[in-house]
Amino acid sequence: MSSQTRLNKAYNEAKRISFDNTAKFILFSDCHRGDSSFADDFANNRNIYFHALQHYYKEGFSYIELGDGDELWENMFFKDIFEANKNVYLLMQKFFFENRLHLIFGNHDFVYKNPNTVKKLLWDYFDPKEGKKVPLFPNLKFEEGIVLAHQESNQELFLTHGHQADFMNYVGWKINRFMVRVLWKPLQVWGIKDPTSPAKNYVELVKVERRIKKWIADNGNKITITGHTHRPRFPSPSENALHYFNDGSCVHPRSITGIEIAAGTISLIKWQIDTKEDGTLQIVREILEGPARLEDYK
């Protein structure tokens with residue numbers, strides 16, 4: 001099965017969500033939530049991410065996570081991840097119970113493709129105060145793709161992780177997981193980069209992006225938003241540009257990036273720690289690109 005066939009499958013089987021210009025979505029991906037160990041890339045940005053997610057919850061956004069939310073290659077046990085990030089999951093639970101949470105699996109959490117695994121790990125958790133299991137995300141289902149369909153214009157936005165364009169991180173993901181878990185995690189403390197990741201391998205990154213762009217070109221220049229490469233992308237709405245977006249990641253040094261869709265527009269945003277004049281620190285949101293009108297991407 002080629003990368004184009006895999007992307008076609010993800011699109012054809014995608015969950016459809018209708019929306020209009022009153023809808024608001026925040027898209028993050030590649031959080032790689034870990035166990036707070038030395039190899040946990042998410043730990044440095046946990047407070048930034050939590051603050052940003054609180055903002056979007058209060059502002060009425062729906063949260064769509066485009067894969068690799070949980071780091072299940074480096075970590076064998078989800079309970080370790082949950083205990084290290086319990087406040088994050090309980091905040092995500094608020095989105096979930098208001099039908100504002102939509103999750104896509106990536107290569108690092110590929111096991112969530114299996115409904116039985118999702119049920120075992122995420123439907124409930126043990127609460128020591130209650131002394132029993134209580135609901136976390138009951139009946140949660142992960143998707144490989146989501147299509148946002150505009151009610152009036154019929155415009156579609158295809159959302160997926162993007163590892164469909166990466167053979168070893170889709171077909172050979174178990175091999176890569178073994179390499180990361182056994183070899184590269186212990187070496188990470190010495191600064192040795194994981195060559196299985198396109199985010200850390202520029203040659204692979206370019207190949208992945210080229211395959212995704214080919215799919216977009218072959219499918220009417222459909223707006224397509226992915227993660228996986230960790231490289232933010234925000235095309236011009238001009239006729240000559242391919243409509244390939246990437247929300248970046250939540251493991252940039254001292255910052256996270258994402259994509260906002262609101263009031264019929266799309267924006268690339270960054271949340272980071274900034275210093276006030278008096279020397280105290282604050283978390284601030286910055287618009288990197290946009291807002292651009294969705295209707296201009298034709």
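**Exercise 1. The nonpolar surface patch**

Identify the residues that form a nonpolar patch on the surface, and state which helices supply at least two residues of the patch.

*Solution.* The patch consists of Phe167, Met168, Val171, Ile175, Phe178, Met179 and Val182, which together have about 650 Å² of accessible area. Such areas come from the Shrake-Rupley method with a 1.4 Å probe, and for residues only the protein chains shown count as cover. A patch is made of residues with over 30% relative accessible area and no salt bridge, where like charges are joined within 9 Å and nonpolar side chains (Val, Leu, Ile, Met, Phe, Trp, Tyr) within 5 Å. This is a predicted model, in which local features need pLDDT of at least 70 and side-chain atom pairs count only at pLDDT 80 or more, whereas totals for chains, interfaces and linings use all residues. Residues are numbered from 1 along each chain as its sequence is written, and side-chain values use heavy atoms, with hydrogens and water left out.

Turning to the helices, H6 (167-170) and H7 (173-188) each supply at least two residues of the patch, and the largest share, 4 residues, comes from H7. Helices (H or I, at least four residues) and strands (E, at least two) are DSSP runs, numbered from the N terminus. Within H6, methionine 168 counts as partly exposed because its relative accessibility is 34%; the classes are buried under 20% relative accessible area, exposed over 50%, and partly exposed in between (1.4 Å probe, protein chains only).

**Exercise 2. Salt bridges**

State how many salt bridges the structure holds, and work out which elements are tied together by the pair of aspartate 70 and arginine 33 and by the pair of glutamate 260 and arginine 285.

*Solution.* Side chains of opposite charge can pair when their charged atoms come close. With a salt bridge taken as a side-chain nitrogen of Lys or Arg within 4 Å of a carboxyl oxygen of Asp or Glu, the structure holds 15 salt bridges.

Aspartate 70 and arginine 33 meet in one of them, at 2.9 Å from N to O. Aspartate 70 lies in the loop between strand E3 (62-66) and helix H3 (78-84), and arginine 33 in the loop between strand E2 (24-28) and H2, so the pair ties together parts that are 37 residues apart in sequence. Both residues are buried, and Arg33, Glu65 and Asp70 are linked in a network of salt bridges.

In the other pair, the closest N and O atoms of glutamate 260 and arginine 285 are 2.8 Å apart. Glutamate 260 is placed in strand E11 (residues 255-262) and arginine 285 in strand E13 (residues 281-293), so this bridge ties together parts that are 25 residues apart in sequence. Glutamate 260 counts as buried at 8% relative accessibility, whereas arginine 285 is partly exposed at 36%.

**Exercise 3. Helix H2 and its end**

Compare the reach of helix H2 with the expected value, list its buried residues, and describe glycine 60 just after the helix.

*Solution.* Helix H2 (residues 46-58) has 13 residues and reaches 18 Å from its first C-alpha to its last, close to the expected 18 Å, where the expected span is 1.5 Å times one less than the number of residues. The buried residues of H2 are Arg46, Ile48, Tyr49, Phe50, Ala52, Leu53 and Tyr56. Just after the helix, glycine 60 takes a positive phi of about 80 degrees.
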